[in-house]
Amino acid sequence: MTTLQEEFLRTFHAAHPAVTVRAMAHGKTADGRSSYELLRDRVSECDRVLDLGCGDGLLLELLAARPAGAPSMLAGLDLSAEELALARPRPGLAAADLRPGRAQQLPFADGWFDGCLSHMALMLMSEVEQVAAEVARVLAPGGVLAVVLGAGAAGGEACESFLRLARPLFEAAPAAQRIPPLGGPRLRTREGFDAVFRPAGFAPAEWETVRIDLTGPPEQVWRTVGAYYDLGPLDPAVTADLRARFEAESAAMALPDGRVPCGMKVHVAMAVRGRGA
Ligand SMILES: C[S@@+](CC[C@H](N)C(=O)[O-])C[C@H]1O[C@@H](n2cnc3c(N)ncnc32)[C@H](O)[C@@H]1O
C-alpha cells in the first residue's frame, strides 16, 4: 500500500530528479572519498548487489566501474520513475535490473543478492520492519547490508546556518505547504537500527558517524541545502527570501577563495545477515 509519504517523495523526485546527487556527490569524507564511494567500498567482495532507493543510479554506476571489477549482477529499486529514467542510460548500467517499486515489497527472489546498499534513503521509509524483513529475505546468508543515513548538519557551517534560518519558516508554513513526516527516529541511532534489523536476522551493526565536507562556491552550497524536502511545497516567495538571507550569512563566513564552508554528518551502518535468518 502506497503511503502519503511515498506520494510526497514521488512528486518531489518527479520535479527534482537527481537532487541528492547534485547535493552530495561532490562531498568528501576525511579520506577523500564521497559518501557514495564509501558505500561502494563496503561491498567490494560482493557479486550480486542491490541498491535500495537507488535514485539516478550514481552508486550503481560506481559499482559497475569499481577497481575490483563489476559485480555480475546489479539491481536498483526506487519509487520514482523519473529517477530511474536517469539511471537507465548510464553507460555502466546497460545490463542492470532497474525496477520501480517499494522497498517494503521487493520484486526479487529469496537469497538473490550477497550485498544490499542504500544511500540516504532508508531513513525516509515507513514500515521499516517490513523493509528489514524484505532485505533479509533477498540477501543470502552471510550477505552484507551497508547504508548511509542522514545525521544532520555539521556544526558552525552553512548547513547549520541554513537550518537555523529555515526551521522557523518550515514550522510556520500553512498545513498545505508542509511535508508529511518521513521515516522515523529509530534509524538515527545504532540502538534503533539494531532494534529494527536484529529481529529480521541481522548481526549487530557496525556503526560510525562521518563528516562529509560539502564546501563549495555559493551556488553549489545552495544546491546542497536546497535539497531539503521541506522546501518543496513552500511558497516560492518565502523560499526566495530564505535564499537571500542564507546567501548573506554564507558570504560572511566565506573563505578567502570565496568558497563557503559547509558540512553534514552521516551515519554509516553495516550489518551481516545471519545464517539462520
Ligand atoms: C534522498 S533520495 C537518495 C537517492 C540516491 N540513493 C542518492 O543518494 O543519490 C531517496 C530516494 O529513496 C527513494 N525511496 C524512498 N522511499 C522508498 C521506498 N519505500 N521504496 C523505494 N524507494 C524509496 C526515493 O524515491 C528517492 O529516490
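Let me start with helix H9. Among the elements that cover its buried residues are helix H2 (19–24), helix H7 (158–172) and helix H10 (236–252). H9 itself runs over residues 218–225. Which of its residues are buried? They are Gln 220, Val 221, Trp 222, Thr 224 and Val 225. One caution before I go on: this is a predicted model.

Now the whole chain. It has ten helices and seven strands. How does its radius of gyration fit a compact globule? With 277 residues, such a globule would come near 19 Å; the chain has 19 Å, and therefore the two agree. Along the principal axes, the C-alpha trace spans about 55 × 40 × 40 Å.

Next, burial. Of the 277 residues, 52% are buried. The chain exposes about 11900 Å². Carbon and sulfur atoms supply 56% of that area.

Contacts come next. Take those between residues at least 6 apart in sequence. Of these, 78% join residues at least 24 apart.

Charges, quickly. There are 28 positive side chains and 34 negative ones. How far apart do the centres of the two sets lie? The answer is 2 Å.

On to the strands. Look at strand S7, residues 263–272. It is mostly covered, with eight of its ten residues buried. S7 pairs with S5, antiparallel, over eight bridges. In S7, Val 272 has Val 144 opposite. S7 also pairs with strand S6, residues 206–213. That pairing is antiparallel too, over eight bridges. Here Gly 263 of S7 has Asp 213 opposite.

Last, helix H6, residues 128–138. Which of its residues are buried? Val 128, Val 131, Ala 132, Glu 134, Val 135, Ala 136 and Val 138. Please note Glu 134 in that list of buried residues. An α-helix has 3.6 residues a turn, so residues three or four places apart point the same way.

What covers the buried residues of H6? The cover includes strand S1 (48–52), strand S4 (113–119) and strand S5 (139–153). Helix H8 (190–197) is also part of it.

How values were computed. Residues numbered from 1 in each chain as written. Predicted model: local features only at pLDDT ≥ 70, side-chain atom pairs only at ≥ 80, totals over all residues. Heavy atoms only, no water. Helix = DSSP H or I, 4+ residues; strand = E, 2+ residues; numbered from the N terminus. Rg over C-alpha atoms; globule rule 2.2 N^0.38 Å. Buried < 20%, exposed > 50% of the residue type's maximum accessible area, 1.4 Å probe, protein only. Contact = heavy atoms within 4.5 Å. Areas by Shrake-Rupley, 256 points an atom, 1.4 Å probe, with all protein chains shown as cover. Lys, Arg positive; Asp, Glu negative; His and termini not counted. Charge placed at Lys NZ, Arg CZ, Asp CG, Glu CD. Pairing = 2+ DSSP bridges.
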